[in-house]
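Here is a short walk through one protein chain, taken a piece at a time. Keep the structure open beside you and follow along.

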Amino acid sequence: MKPNDLLNKAQAQLDQLNSRERKLVTYGGALAAVLIAWFVLIEPALLTIQQGPANQAALVDKAGQVMRAAQDLEALRGARSRVVVPESDLQARLQQLLEEQGVSEQATLVRTEEGDIRVEFNNVSASGFLAWMARAEAISSISLNLAEVEKVEAGVLKGYVTLLPASQGNTGTPQ
């Protein structure tokens with residue numbers, strides 16, 4: 001049925017009622033419309049407006065917690081990058097890092113005549129090499145001087161890395 005047909009049918013039924021019944025049905029319909037408007041449209045909007053400041057305060061608090069967590073994470077990253085290893089322990093620490101990353105069998109660590117630390121890699125996994133480099137760069141007692149790496153095959157590298165101990169006063173940039 002079309003909406004007009006339904007409206008005409010309802011009007012015909014209403015016309016059959018006496019005036020008293022017609023008033024009751026009209027007032028009842030108006031009351032039902034007001035109640036529906038209140039519970040569906042007005043009350044939820046009022047509750048949202050009333051709870052707005054509390055919700056905003058909770059969101060601001062959560063944002064503050066996230067910011068503090070981000071600052072804590074940044075502080076931890078900074079603390080990790082400030083690891084100082086005495087020069088006498090550098091070779092042992094770098095060798096330990098090689099073992100932790102599982103690339104010590106494919107790597108040779110030597111101290112050059114100039115005092116640099118040279119690490120040569122032969123057929124090492126790229127992920128192991130990159131993990132070792134990330135951990136080695138976290139030691140503030142050394143800086144990367146030179147790195148020559150080439151791909152042997154997919155996921156396999158060979159080459160060498162030269163690191164300068166901080167006592168050598170490295171002022172250059174890595175190559």
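**Finding your way around**

Let's start with confidence: the protein chain has a mean pLDDT of 84, and 89% of its residues reach 70 or more. That score is the predictor's confidence in each residue, on a scale from 0 to 100. Residues are numbered from 1 along each chain as its sequence is written, and side-chain values use heavy atoms, with hydrogens and water left out.

Among the elements of the chain, S2 has the highest mean pLDDT (91) and helix H4 (residues 126-137) the lowest (84). Over residues 169-175, though, pLDDT is below 50, and this stretch has 9 contacts in the model beyond near neighbours in sequence. A contact means heavy atoms within 4.5 Å. Where pLDDT is low, the predicted coordinates should not be read in detail. As for the labels, helices (H or I, at least four residues) and strands (E, at least two) are DSSP runs, numbered from the N terminus.

Now have a look at strand S4. Strand S3 (residues 142-153) pairs with S4 (residues 156-165) in the antiparallel sense, over 10 bridges. Two strands pair if DSSP finds at least two bridges between them. Val 149 has Gly 159 in S4 as its bridge partner, and Leu 146 sits opposite Thr 162 in S4. The hairpin of S3 and S4 has 2 residues between the strands, and in this hairpin Gly 155 takes a positive phi near 80°.

S2 also joins S4, through 7 bridges, and the two run antiparallel. Here Val 124 stands opposite Leu 157 in S4.

How many of the residues of S4 are buried? The count is 9 of 10, so to speak a mostly covered strand. Buried means under 20% relative accessible area, exposed over 50%, and partly exposed in between (1.4 Å probe, protein chains only). Thr 162, in strand S4, counts as buried because its relative accessibility is 7%. Leaving aside residues up to four places away in sequence, Thr 162 touches Asp 116, Ile 117, Arg 118, Ser 143, Leu 144, Asn 145 and Leu 146.

Finish at Asn 123, which lies in strand S2 (residues 117-125). Its phi is near 55°, a positive value in a residue other than glycine. With a relative accessible area of 43%, Asn 123 is partly exposed.
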